[in-house]
Amino acid sequence: MTNDVLAGDGQGAKKSTARYSSWIGKVANSPLYRGTIGLLAENRVARLIVLLAVPLAWIAFFNIGPILQMGNISLLANYPLLDGDEPVYTFSQYALFFQESLYFVPFLRSVVFSIVVTASTLVVVYPVAYYIGKVIRPASRNKALLLLLTPFWAGEIIRVFSVIMLLANRGAVNALLRELGMIDRPIPMLYTYFSLSFGVVYLIALYMLLPLYSSIEKIPNSLLDAASDLGAGPLQRFRRVILPLSRDGIVSGCSLVFLTSIGVFAAPLLLGGPNTVIFPEIIAQLFHGSNDKWPAGAAFSIIMLLISLTTVGLFMRVVGGRNVKLM
């Protein structure tokens, strides 16, 4: 009985496969298919065009296109243009950036802030990446990475508010210090450069962790064992073996963190104070104001983009050489 049922199921599956193959054959031999998809499949150049069309369209419409439009607005004397008005192009918006300290000083503050955040993130995350990549057993590394990545599943605003609850006057840090008898009154930590730096490092640590882990994990253990056999101590092994071989991860991580931190916006609004205003907040104020300020906001955005990319390019060239690749 069972054999008959199995035989019947097998015959039914064969019939279904045969009908499907027949249908595929009819479609493949149809004039519509042969004149469209079939023609593309036979032409190597057409296949390359189809494969490149989607990524090129994505880059053009969602990356290059908005930047070009922003650059066009930055050169206009007024925006938006009224019906019948001719566009008047000028560089006065760019000159305003260098003429007014109200705009230039926050930009310098943003650059210094981003450099400090990048260096702090490297110092904090490097030991963690090394511990996961070399100390933990290979079978447990994925679990450790998953544990570290769990907080990043939450949104940016949620993580910023978690920092606020941690550093508030009645937050976890002040409560712990009070219980230990180290303070009598809360230490004001919010709305300062400390809270802003702490929050940004927490928000963007992932961009440093993954490149560093990928670079450190690939260092052969045999090199470390050979250095140890030759008499190199832990510090010397780190300076002469681990640090040079993890250079690509350091450069990639620092570049990603710098580019992200210099344009961060939500964290300064929630964690910063009146003395910690950085350049993205200035740009946002220009765009949120009247329309006649939009060209200035666009010009400042282009300036920040160009200087940021130039800084990262020089850093990658000087520190990383030619073989550094961003993840």
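**Close-up 1. Buried residues of helix α13 in the predicted model**. Gly249, Ile250, Val251, Ser252, Gly253, Cys254, Ser255, Val257, Phe258 and Ser261 are the buried residues of α13, in what is a predicted model rather than an experimental one. The cover over these buried residues includes α6 (101–135), α10, α12 (234–245) and α16 (294–320). Helix α13 itself runs over residues 247–261, and its 15 residues reach 21 Å from the first C-alpha to the last, which is close to the 21 Å expected at 1.5 Å a residue.

**Close-up 2. The crossing of helices α7 and α10**. The axes of α7 (residues 138–149) and α10 (residues 193–217) come within 12 Å and cross at roughly 170°; angles over 145 degrees count as roughly antiparallel, and the two helices are therefore roughly antiparallel to each other. The crossing in which α7 passes α10 is right-handed. On the α7 side the contact involves Arg141, Leu145, Leu148 and Leu149, which meet Leu206, Leu209, Tyr213 and Glu217 of α10. Sorted by class, this contact of α7 with α10 has six nonpolar residues and two charged residues, with no polar ones.

**Close-up 3. Tyr191 in the loop between α9 and α10**. Tyr191 lies in the loop that joins α9 (172–179) to α10, and its phi is near 60°, a positive value in a residue other than glycine. Most residues other than glycine have a negative phi. With a relative accessibility of 48%, Tyr191 counts as partly exposed, because that class lies between the buried limit of under 20% and the exposed limit of over 50%.

Definitions and conventions: Residues are numbered from 1 along each chain as its sequence is written. This is a predicted model: local features need pLDDT of at least 70, side-chain atom pairs count only at pLDDT 80 or more; totals for chains, interfaces and linings use all residues. Side-chain values use heavy atoms; hydrogens and water are left out. Axes are lines fitted to C-alpha atoms, for helices over the stretch in contact, and angles run from 0 to 180 degrees between N-to-C directions. Helices (H or I, at least four residues) and strands (E, at least two) are DSSP runs, numbered from the N terminus. Angles under 35 degrees count as roughly parallel, over 145 as roughly antiparallel, 65 to 115 as roughly perpendicular and the rest as oblique. A crossing is left-handed if the near helix is turned anticlockwise from the far one by less than a right angle, and right-handed if clockwise. Contact means heavy atoms within 4.5 Å. Ala, Val, Leu, Ile, Met, Phe, Trp, Tyr, Cys and Pro count as nonpolar, Asp, Glu, Lys and Arg as charged, and the others, Gly among them, as polar. The expected span of a helix is 1.5 Å times one less than its number of residues. Buried means under 20% relative accessible area, exposed over 50%, partly exposed in between (1.4 Å probe, protein chains only).
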